[in-house]
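This report goes through a structure by its surface, its helix packing and its charged side-chain pairs. The sequence and the structure come first.

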Amino acid sequence: MRALIEGLDDDALNAPVNDYWTVAGVLGHIAYWDIRVLVLAEKIDGGEPWAPGDAEPDGDWLNDSTRPLIHAIRPRDAAQFALRTAEQTDARVAELPLDRLWPNDPDSPIYAGRWEHRAEHLDEIEAASR
């Protein structure tokens with residue numbers, strides 16, 4: 001992720017990935033979902049049980065509703081924030097007890113494989129950049 005972001009100039013960050021998202025927007029989207037994990041990790045720290053509202057919502061409405069806000073962030077700032085947030089999230093998840101993470105806890109909305117979500121979107125960015 002770092003190598004990709006550091007290799008992108010401002011024009012590349014503003015380039016479309018698809019009809020809805022720019023490169024910077026996709027990176028902001030990744031950051032949003034990483035932040036969600038950081039917030040949910042606080043429930044583990046507090047010994048709180050999972051609630052139905054902690055589950056990932058069905059449909060695309062959440063991504064659709066966050067897109068205008070994410071695209072309002074300056075592209076370079078969104079990219080740098082996404083990288084910092086990914087690093088923070090990876091470090092935080094590594095500290096969490098495995099018995100509170102999916103799949104060990106089937107009710108958990110947190111899974112240690114954050115890289116899977118990021119890789120999917122980084123592949124989209126690389127494909128759009130070709």
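Which residues form a nonpolar patch on the surface?

## Surface patch

In this predicted model, the nonpolar patch is made of Ile35, Val39 and Phe81, which together have about 230 Å² of accessible area. Ile35 belongs to helix H3. Its relative accessible area is 32%, so Ile35 is partly exposed.

## Helix H4

Helix H4 spans residues 61-71, and its buried residues are Leu62, Asn63, Thr66, Arg67 and Ile70. These residues lie on the same side of H4 because they cover an arc of only 140° around the axis. The buried residues of H4 pack against helix H3, residues 23-45. On the face turned away from the buried side, H4 carries the exposed residues Trp61, Pro68 and Leu69.

Asp64 and Arg67 are three residues apart in helix H4, so about one helical turn separates them. In general, an α-helix has 3.6 residues a turn, so residues three or four places apart point the same way. Arg67 has a relative accessible area of 17% and is therefore buried, whereas Asp64, at 38%, is partly exposed.

## Aromatic pair

A search of the whole structure gives one aromatic pair. Tyr32 and Trp33 make up this pair, in an edge-to-face arrangement with 5.3 Å centre to centre and 90° between the planes. Tyr32 is partly exposed, at 28% relative accessible area, while Trp33 is buried, at 8%.

## Other salt bridges

Twelve salt bridges are found in a search of the whole structure. One of them joins the side chains of Asp90 and Arg118, at 3.0 Å from N to O. This pair links distant parts of the chain, with Asp90 in helix H5 (residues 75-95) and Arg118 in helix H6 (residues 114-129), 28 residues apart. Asp90 is partly exposed, with 37% relative accessibility, and Arg118 is buried, with 6%.

A salt bridge also connects the side chains of Arg92 and Glu95, at 3.2 Å from N to O. Arg92 and Glu95 sit three residues apart in helix H5, so they are separated by about one helical turn. Arg92 is buried at 18% relative accessible area, but Glu95 is exposed at 59%.

Definitions and conventions: Residues numbered from 1 in each chain as written. Predicted model: local features only at pLDDT ≥ 70, side-chain atom pairs only at ≥ 80, totals over all residues. Heavy atoms only, no water. Buried < 20%, exposed > 50% of the residue type's maximum accessible area, 1.4 Å probe, protein only. Helix = DSSP H or I, 4+ residues; strand = E, 2+ residues; numbered from the N terminus. Arc of directions from axis to C-beta. Contact = heavy atoms within 4.5 Å. Patch = residues over 30% accessible without salt bridge, like charges linked within 9 Å, V, L, I, M, F, W, Y side chains within 5 Å. Areas by Shrake-Rupley, 256 points an atom, 1.4 Å probe, with all protein chains shown as cover. Salt bridge = Lys/Arg side-chain N within 4 Å of Asp/Glu carboxyl O. Phe/Tyr/Trp six-rings, centres within 6.5 Å; stacked < 30°, edge-to-face > 60°.
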